[in-house]
Amino acid sequence: MSLLTVLDAELAFGLQPLLDRASLTVNGGDRIGLIGRNGTGKSSLLNALAGRIELDDGEIKKMDGLSIALVEQEPVLPPAPTLRASLALRGGLDAHDAVTHDDRERWRIEARLIEYMHRLGLDEAFDPAGLSGGERKRGALALAFALAPDLMLLDEPTNHLDIDGITLLEELLAKQTLIVITHDRAFLDRVTTRIVELDRGLLRSYPGNYSAWETRRAVEMAAEQTAARKFDKFWQQEEAWIRRGIEARRTRNAGRVERLEQLRRARAARRENIGRVKLAVDAGERSGKLVSELTDVTKQFGSTLIVERLSMRILRGDRIGLIGRNGAGKTTLLQLMLGTLNPDQGMVRIGTKVTAAYFDQMRAALDPEKTLIETISPGSDWIEIGGERKHVITYLGDFLFPPQRAEAPVKTLSGGERNRLLLARLFAQPANLLVLDEPTNDLDIESLELLEATLHQYDGTLLLVSHDRAFLDNVVTQTLVAEGNGVWREYVGGYSDWLTQQPRTDRDPSKHRAAKVASIAAPRVKLSFKEQLALKNLPAEIELLENEQRTLSERMSRIDYHRGHVTQLKSDRLRIEEIEHQIAAKFEQWSALEARARNA
């Protein structure tokens with residue numbers, strides 16, 4: 001069944017066409033991965049589908065009563081005393097908002113909201129003003145699931161989420177109709193049933209997941225390039241013919257002249273592939289064999305133990321990926337390895353001739369007031385990379401920054417553009433140790449794959465923090481994994497290799513998610529017999545309440561119901577409100593007990 005259809009959509013900002021007579025149909029059960037280069041208009045398309053912006057031309061036809069939930073790339077939560085209250089305002093669940101939801105529906109949504117907040121590891125009492133980007137994203141996702149929309153629109157939902165959060169999200173989306181923008185290729189492979197590519201204003205649809213799209217698109221691109229070469233060869237032959245002389249116009253070949261004019265128009269109208277980022281990194285002078293050595297290193301902040309008695313050696317040429325949940329201390333451990341942070345106990349020794357370049361996930365190295373030129377090459381118009389001298393404008397062009405933007409301040413750039421600029425700054429200096437802390441956020445898939453290829457050619461030492469499982473698999477040769485309570489353990493290979501090397505009981509990512517939720521929801525205390533019995537009986541109790549609720553709702557929906565005795569009407573109304581409260585309370589109790597049971 002068709003939920004939504006886009007017909008001949010046109011949308012442009014300034015001179016840049018984002019949609020050029022684009023069309024798309026979304027059917028019930030579709031899980032669509034929307035891919036394309038940064039700046040092609042993917043987020044704008046989602047906003048148009050959600051009704052937040054208008055198309056310049058074309059039409060969006062929606063099924064009557066279609067409900068849509070949009071989770072933006074950087075969700076904004078309304079001010080409120082608690083996270084739960086803030087999400088209620090965002091979702092129109094305020095008790096006085098009778099237009100959006102009636103009472104029965106509102107209480108059902110709030111019960112589901114509590115459930116999903118717990119499942120995503122959020123405390124409903126959090127102050128929304130102090131939340132991290134990942135917590136805001138999880139809150140917006142919890143609300144979207146609670147609203148149970150017909151169509152969910154997700155813009156980079158995996159940004160700021162750790163691997164446990166990403167795998168949980170994949171499970172929750174298994175039966176949801178959705179359109180998702182993401183650069184996470186593993187996520188696309190596990191979630192999507194169709195890939196839609198936004199390319200030069202057009203939407204092209206491909207059945208299957210991302211891997212299937214890669215295979216099919218490679219064949220299609222090869223065919224396009226062959227056709228373009230044949231076209232160009234024929235056009236050049238016709239141009240050579242027409243230049244032989246004006247006599248050609250006086251012969252019976254006048255039709256050929258007209259055909260050439262048509263070829264010229266066709267070639268002018270053919271939209272070429274947009275540019276590609278050009279990456280190269282200079283490892284500079286080789287470091288000594290030892291890059292960094294940690295001996296019995298311990299570090300904690302307050303009562304939080306980050307690292308306990310870690311001993312390891314990082315040797316020249318190592319490619320190490322750090323894996324762990326948000327807050328596990330990956331960035332702290334990087335700083336310890338580099339010697340920029342002192343341990344509480346133990347010793348860190350840095351090797352000889354180590355020159356490090358650091359990619360900071362918070363982009364602190366970028367001054368928002370400086371221009372792009374000042375950021376890349378302060379005080380000079382030239383940079384030297386691998387023995388090659390380049391003008392800074394040319395170098396910025398390698399990273400898809402046009403000359404007219406070279407004097408623009410950094411604060412005018414989007415998130416993806418800031419990441420590209422930081423990579424440009426990073427690679428403008430020779431370094432035999434690359435430290436990359438979440439370099440993949442906001443990069444499109446093509447730039448991501450090019451970064452992978454560049455790192456493959458890099459012969460220095462690499463330390464990488466990333467939640468992108470495919471990126472880890474394709475780049476690192478060993479992983480260092482946070483296993484809780486300050487324990488870090490080394491494994492050979494990438495993310496997939498780590499999964500297979502764990503003890504069998506540890507291979508299920510849901511175990512790690514449960515531990516994470518439990519650590520937030522409750523202390524490590526074994527359930528009493530009474531609590532174990534309550535946990536066992538809660539699902540049946542909730543089902544009984546829902547059955548009673550359904551029976552009562554059906555009775556209250558009858559045409560002649562209002563003719564009943566006023567006492568009965570009042571009693572039914574009070575009871576259905578009471579059931580809503582009881583269901584919400586039992587869901588909350590169930591989530592808390594289940595989390596404690598997993599952590600016991």
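## Aromatic residues

Tyr206, Tyr210 and Trp213 together make up one aromatic cluster. Rings of Phe, Tyr and Trp (its six-membered ring) are paired if their centres lie within 6.5 Å; planes under 30 degrees apart count as stacked, over 60 as edge-to-face and the rest as tilted. This rule gives a count of 5 aromatic pairs. One of them is the stacked pair of Tyr116 and Phe145, with 5.4 Å centre to centre and 25° between the planes. Tyr116 belongs to helix α3 (residues 103-119) and Phe145 to helix α4 (residues 133-147), so the pair ties together parts that are 29 residues apart in sequence.

Tyr116 counts as buried, at 15% relative accessibility, and Phe145 also counts as buried, at 6%. Buried means under 20% relative accessible area, exposed over 50%, and partly exposed in between (1.4 Å probe, protein chains only).

## Basis of the model

This is a predicted model, in which local features need pLDDT of at least 70 and side-chain atom pairs count only at pLDDT 80 or more, while totals for chains, interfaces and linings use all residues. Residues are numbered from 1 along each chain as its sequence is written, and side-chain values use heavy atoms, with hydrogens and water left out.

## Charges over rings

A charge sits over a ring if NZ of Lys or CZ of Arg is within 6 Å of the ring centre and within 35 degrees of the ring normal. Arg106 lies over the face of Trp107, 5.3 Å from the ring centre. The charged end of Arg420 is placed over the ring of Phe401, at 5.0 Å from its centre.

## The whole chain

Of the 600 residues of the chain, 47% count as buried.

Terms used:
Helices (H or I, at least four residues) and strands (E, at least two) are DSSP runs, numbered from the N terminus.
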